[in-house]
Amino acid sequence: MKLKDHKLGVAIHGAGSVAQAHVASWIKNPYAEIVSVSSRHHESAQRLAEQFDLKATLHESLDQVLADERVDIVDLTGPNHVHAEQGIAAAEAGRHLLIEKPMALSPGENRALRDAVAKAGVKSVVSFVLRWNPLFANLKSLLAAGTLGDLFYVEVDYWHGIDACYSGWEWAHTRTTGGSTMLLAGCHAVDALRWLTGDEVAQVSAMSNNTKGLYEYDANVVATVKFQGGAIGKTSTLLDCEMPYSFNIDLAGTEGTLRDNRLWSPKLLPGQRDWATLPTIMPDSGDVHHHPFDAEIDHLVDCIRNNRQSHCSVADAYHTHQVCLAIDRSIAAGGALVEVSSV
Ligand SMILES: NC(=O)c1ccc[n+]([C@@H]2O[C@H](COP(=O)([O-])OP(=O)(O)OC[C@H]3O[C@@H](n4cnc5c(N)ncnc54)[C@H](OP(=O)(O)O)[C@@H]3O)[C@@H](O)[C@H]2O)c1
């Protein structure tokens, strides 16, 4: 039976750290109601439901969740290696999707999830949550106004020391369950490259190393990229770094430059003598409670209610994952130039 007041029924599947931040945002949305919480272990789902005093059913499996007619949206917050399979099952059952990144760990999974969601015609958002960060909104607005002219060079870096203190360490550090540095973490930076330029990456060449040996894969990656439109750029991800979380953004255009929240624009600010600083909220914390999940979740609900696809849908995020997977292939081939397949 559907919910009263046409509210959308939400199922949280995977009751760990990020799920707490998602729940805190879902309960603020007036058009949605959490009707189900589930996880690999019943106790985790129970703990999460109790933490937020949710009147939700504690299902024991995704099959049970998908058999529950009240569920309109499945929010997949389990570990990396279960996202694609669970996303395909939810889409085939006709459910809209909020799916944590990475949505897939291989080209085959990436394609299969994209195709299943397209076939089902459901709405989806992949949780590249920085797209809703206020600095990103400022940068998009300045770029759309032509403030920088044509972008010819772009850098985005994700530097975040992640070790065994992370709640998801058990699954995150192995190849089969975490994937790679790019899939675990660097995908945020690659997504920002695509989102800010509005262009697709055509070619990559990458190298990697390790200093601590904590992961089954190399923890530090740098990749040069070339965009279809001709711009060049660089992205790096450092999981071994010793410093506070940092998400660096540099955008160089023919008529101006942005370095994080600092603007140099003779066009907009004639006579400028020093960098102008944008007073906004920066992407400067790895704490999930700092991330703008409220806005991401409001956006998904808005897309469903107004029957439109998100800019951050599975179909769009497919391309971010193709770039990450191409970077991993380049590393495996000793830094070879790899074409990014967008089909
Ligand atoms: N967008 C972002 O900025 C952001 C930030 C952080 C994390 N993430 C992503 O969010 C996902 C979860 O990360 P996290 O930090 O919350 O990790 P986490 O703390 O380990 O939580 C994941 C939870 O999933 C449950 N689980 C394990 N296997 C499962 C399965 N097969 N089906 C359903 N649930 C299962 C586990 O609970 P039990 O085994 O106890 O049931 C675990 O507590 C990851 O993919 C991560 O990359 C995204």
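Student: What distance separates the centres of domain 1 and domain 2, taken over C-alpha atoms?

Tutor: The centres of the two domains lie 27 Å apart, taken over C-alpha atoms. Please keep in mind that this is a predicted model. The domain assignment gives domain 1 as 4-128 + 293-311 and domain 2 as 130-284 + 321-339.

Student: How many residues of domain 1 are in contact with residues of domain 2?

Tutor: On the side of domain 1, 16 residues are in contact with 18 residues of domain 2. The elements that give two or more residues to this side of domain 1 are helix H5 (107-120) and helix H10 (293-305). Of these, H10 gives the most, with three residues. By class, the side of domain 1 that touches domain 2 has eight nonpolar, six polar and two charged residues.

Student: How should I read the chain as a whole, and which secondary structure does it have?

Tutor: The chain has eleven helices and 15 strands. Its radius of gyration is 20 Å, close to the 20 Å that the globule rule gives for 343 residues, so the chain is as compact as a globular protein of that length. Along the principal axes, the C-alpha atoms fill a box of roughly 60 × 45 × 40 Å. Buried residues account for 48% of the 343 residues. Among contacts between residues at least 6 apart in sequence, 71% join residues at least 24 apart.

Student: Which strands does S1 pair with, and by how many bridges?

Tutor: Strand S1 (residues 8-13) is joined to strand S4 (residues 73-76) by four bridges, and the two run parallel. Six bridges join S1 to S2, and these strands also run parallel.

Student: Is S2 enclosed or open to the outside?

Tutor: Seven of the seven residues of S2 are buried, so S2 is largely enclosed by the rest of the structure.

Student: What is the order of the open sheet of nine strands, and what is its pairing?

Tutor: The order is S14-S13-S12-S11-S7-S10-S9-S8-S15, and the pairing is mixed. The edge strands are strand S14 (276-277) and strand S15 (338-339), each of which pairs on one side only. For an antiparallel pair, consider strand S7 (residues 151-159) and strand S11 (residues 246-253), which are joined by eight bridges. Within that pair, Glu-155 stands opposite Asp-250 in S11.

Student: Which strands does helix H9 lie across?

Tutor: Helix H9 (residues 181-197) lies across S7, strand S8 (201-209), strand S9 (220-227), strand S10 (232-238) and S11, and runs at about 150 degrees to S7. Helix H11 (residues 314-332) also packs on the sheet, where it touches S8, S9 and S15. The direction of H11 makes about 50 degrees with that of S8.

Student: How many residues of helix H4 are buried, and what covers them?

Tutor: Helix H4 (residues 83-92) is mostly covered, with seven of its ten residues buried. These are His-83, Ala-84, Gln-86, Gly-87, Ile-88, Ala-90 and Ala-91. Their cover includes S1, helix H3 (62-67), S4, strand S5 (96-99) and H5. After H4 comes Gly-94, whose phi is positive, near 80 degrees.

Student: Let us end with a single residue. Is Asn-110 buried or exposed?

Tutor: A residue is called buried if 20 or more other C-beta atoms lie within 10 Å of its own. Asn-110 has 23 within that distance, so it is buried. This residue lies in helix H5.

Student: Which residues is Asn-110 in contact with, leaving aside its neighbours within four places in sequence?

Tutor: Asn-110 is in contact with Ala-104, Tyr-318, His-321, Gln-322 and Leu-325. Sequence distance and spatial distance should be read separately: Asn-110 and Val-314 are 204 residues apart in sequence and 9.0 Å apart in space, C-alpha to C-alpha.

Conventions:
Residues are numbered from 1 along each chain as its sequence is written. This is a predicted model: local features need pLDDT of at least 70, side-chain atom pairs count only at pLDDT 80 or more; totals for chains, interfaces and linings use all residues. The radius of gyration is taken over C-alpha atoms; the globule rule is 2.2 Å times the number of residues to the power 0.38. A residue is buried if 20 or more other C-beta atoms lie within 10 Å of its own, exposed if 12 or fewer, and partly exposed in between; C-beta atoms are placed from the backbone. Two residues are in contact if their C-beta atoms, placed from the backbone, lie within 7 Å. Two strands pair if DSSP finds at least two bridges between them. Domain bounds come from an automatic or database domain assignment. Ala, Val, Leu, Ile, Met, Phe, Trp, Tyr, Cys and Pro count as nonpolar, Asp, Glu, Lys and Arg as charged, and the others, Gly among them, as polar. Axes are lines fitted to C-alpha atoms, for helices over the stretch in contact, and angles run from 0 to 180 degrees between N-to-C directions.
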